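Subject: Structure handover

Hi,

Here is the structure for you to look at. My notes on what was found follow below it.

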Amino acid sequence: MSVSDRLRQLRATSDEREGPDSMAHQSRAEHAFYSAVRGLQAGFVATIIMTAFRLPILRSLPPSANFWAQYVTGGDPEEHPLAGLILHFVYGVQAGAIFGGLFALQDADRSIEPEQRGLVWGSIYGMVLSAFGSQFMLKELLGIRLDADELALFHAGHLVYGLSLGAWVGSRTEGVEDPETEYEYNDGN
């Protein structure tokens, strides 16, 4: 038995916590909790994607290394690459959990497919995080002023994060019963 067959079998025997019919079998709070867990996963994946987008272009550590150097250990941010990346992932994962819970609670536009809602709300969420990051975290807390091109890339990175986050959460919290079958993963797509 292959790993994907075993996962499908386990998923079939679990309670209905995911998929399009999940909300009918659980309270709003339970649905928000399971969506927040999916958001944790999505935040991790989206942070990887954002970092992969950002690092080759900006060729610098995320500003979280500056935060670590300024408020925790002192010294130069370049001395703390690992701590900066870990903090960057902590921010991204917790922001993903918050988005997952909020996504589950928002039900004003249920007529739109969850994947599409995820992309729209994820991009908005990413830009809100970017605005907060550039205006409060960078300017006020760290005293960093980005040049216009750096600021544009900062915002672009957060847009990539939001799109990745929204796509993941939308496709897994209330989208399809079995993503592997629906998206035909086993057929080479």
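Helix α5 covers residues 114–142 and helix α6 covers residues 148–173. Their axes come within 6 Å and cross at roughly 145°. Please keep in mind that this is a predicted model.

Now the overall picture. The chain has seven helices and zero strands. Along the sequence the pattern reads α-α-α-α-α-α-α. There are 189 residues, and 36% of them count as buried. Take the contacts between residues at least 6 apart in sequence: 71% of these join residues at least 24 apart.

Next, the record. The unreviewed UniProt entry carries the annotation "transmembrane region" for residues 32–53, 85–106 and 118–138. I looked at two of these spans in the model. Residues 32–53 are 100% helix and 0% strand. The end C-alpha atoms of that span are 29 Å apart. Residues 85–106 are 95% helix and 0% strand. Here the end C-alpha atoms lie 31 Å apart.

Then the core. Which residues make up the largest nonpolar core? There are 10 in all: Ala42, Ala46, Met50, Ala95, Phe99, Phe103, Tyr125, Tyr161, Leu165 and Val169. The elements giving two or more residues to this core are α2 (28–58), α4 (81–105) and α6.

Leaving out residues up to four places away in sequence, Leu165 touches Gly39, Ala42, Gly43, Ala46, Gly96, Phe99 and Tyr125. Among the core members, Ala42, Ala46, Phe99 and Tyr125 are listed, and Leu165 touches each of these.

One loop residue is worth a look too. His80 sits in the loop between α3 (64–73) and α4. Is His80 buried or exposed? His80 counts as buried, because its relative accessibility is 15% and the cut-off for buried is under 20%. What does His80 contact, apart from its neighbours within four places in sequence? The partners are Ala65, Trp68, Ala69, Thr73 and Gly74.

That is the list so far. Send questions whenever you like.

Best wishes

Conventions: Residues are numbered from 1 along each chain as its sequence is written. This is a predicted model: local features need pLDDT of at least 70, side-chain atom pairs count only at pLDDT 80 or more; totals for chains, interfaces and linings use all residues. Side-chain values use heavy atoms; hydrogens and water are left out. Axes are lines fitted to C-alpha atoms, for helices over the stretch in contact, and angles run from 0 to 180 degrees between N-to-C directions. Helices (H or I, at least four residues) and strands (E, at least two) are DSSP runs, numbered from the N terminus. UniProt positions are given in the numbering used here, feature names are shortened, and annotations may be inferred rather than shown by experiment. A nonpolar core is a set of buried Ala, Val, Leu, Ile, Met, Phe, Trp, Tyr and Cys residues joined through side-chain atoms within 4.5 Å. Buried means under 20% relative accessible area, exposed over 50%, partly exposed in between (1.4 Å probe, protein chains only). Contact means heavy atoms within 4.5 Å.
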